[in-house]
Amino acid sequence: MKKSAFLGALTIAGIAASAAVAQDASTVDQIKERGKLNCGVTTGLVGFAAPDANGQWNGFDVGVCRAVAAAVLGDANAVEFVPTTGKTRFTALASGEIDMLARNTTWTFSRDVDLKFEFVGVNYYDGQGFMVPKELGATSAKELDGATVCIQTGTTTELNLADFFRANDMSYEPVPIETNAEAQQQYLAGACDVYTTDASGLAATRATFEDPSAHVLLPEIISKEPLGPLVRHGDNDWGDIVRWTLNALIAAEELGVTSANIGELGASAGANPEINRLLGTEGTLGEMLGLDAEWAKRAIMAGGNYGELFAKNIGEDTPIALARGLNAQWTDGGLLYAPPFR
């Protein structure tokens with residue numbers, strides 16, 4: 001997409017977002033009135049957000065949605081999952097069709113400022129990579145001159161790809177696709193030599209292949225892709241709830257609060273005041289959010305702390321087999337860091 005057209009689309013979406021905010025002053029009241037959270041997710045990316053054979057949504061991003069629903073409504077299942085593509089996700093949020101977006105979306109300047117959205121944090125630190133068939137024989141992205149590349153439209157990967165090939169004096173032929181399912185189909189059919197997207201998405205996609213070993217993730221990571229949930233600008237109370245629910249999951253792991261011990265830790269105040277405030281046995285943090293004292297306790301119980309969600313859905317013992325890497329706690333050399341609960 002040409003830069004001028006892209007910026008024009010941003011401005012139009014920004015105006016739409018501003019109009020939506022003016023009409024929708026209290027998202028949390030609407031959620032409570034309807035009795036469910038409308039959460040935008042991807043159309044299907046195993047490990048992050050995908051429905052099973054029974055239509056039940058599961059995944060790492062799904063876990064964030066369920067945690068927010070548990071915090072606000074007391075029911076982790078009170079969620080309507082709305083599948084969105086790279087093109088439709090921002091319109092769905094700006095228009096009020098969804099209350100929050102949790103679908104592998106990169107926090108960028110233009111999305112935060114021009115689109116009038118509020119990124120509430122990062123739940124996965126990622127970067128753009130490349131996947132190729134092993135039979136292609138490539139061992140580096142710098143060997144892809146002249147390749148055909150499957151790339152999702154309406155994403156940060158388009159400009160990243162153009163920049164990388166230009167910087168390395170290479171050419172490529174883009175094969176535009178809208179969903180991960182379409183990308184997978186086109187790539188496996190040989191319509192493109194390369195599939196590029198966030199490295200986590202490539203790992204998740206490869207894990208669904210009949211023979212994952214026949215496909216290689218090249219070593220280059222060509223961008224920073226901080227992925228996280230977002231809400232509309234202007235409704236700060238709602239933004240605070242989503243932000244601090246994510247922080248609660250992160251802090252719980254750091255503090256050793258798990259789905260196995262939270263019942264005992266949350267029954268009464270213990271020796272650690274930070275845990276007490278997190279779980280509502282001390283202080284008035286819930287009241288400050290307009291919620292009850294046990295909002296964070298319910299959020300953590302919905303699917304476990306951040307580490308539990310990671311391990312269950314995308315960790316090294318799953319077919320996706322992602323290492324914690326940058327997504328380890330700051331105490332373990334990663335970037336994961338929740339502000340203090342005080």
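Which residues of helix α7 (residues 180–188) are buried?

**View 1. The buried side of helix α7 in a predicted model.** Asn180, Ala183 and Tyr187 are the buried residues of α7 (buried: under 20% relative accessible area, exposed: over 50%, with a 1.4 Å probe and protein chains only). They lie on the same side of α7 because they cover an arc of only 55 degrees around the axis, taken from the directions from the helix axis to the C-beta atoms. Ala181 and Gln185 are exposed on the face turned away from that side. Among the elements covering the buried residues are β8 (128–133), β11 and α8 (199–207). Helices (H or I, at least four residues) and strands (E, at least two) are DSSP runs numbered from the N terminus.

**View 2. Thr196 in strand β11 (residues 194–198).** Thr196 counts as buried because its relative accessibility is 0%. Its side chain makes a polar contact of 2.8 Å with the side chain of Gln128 (a pair of N or O atoms within 3.5 Å; within protein, one must be able to donate a hydrogen and the other to accept it, and residues adjacent in sequence count only if both atoms are side-chain atoms). A polar atom of the Thr196 side chain also lies 2.8 Å from the backbone oxygen of Gly129.

**View 3. Met100 and Trp238 in the largest nonpolar core.** Of its 58 residues, these two touch the most other members. A nonpolar core is a set of buried Ala, Val, Leu, Ile, Met, Phe, Trp, Tyr and Cys residues joined through side-chain atoms within 4.5 Å.

**Notes.** Residues are numbered from 1 along each chain as its sequence is written. Local features need pLDDT of at least 70, side-chain atom pairs count only at pLDDT 80 or more, totals for chains, interfaces and linings use all residues, and side-chain values use heavy atoms, leaving out hydrogens and water.

Conventions:
Contact means heavy atoms within 4.5 Å.
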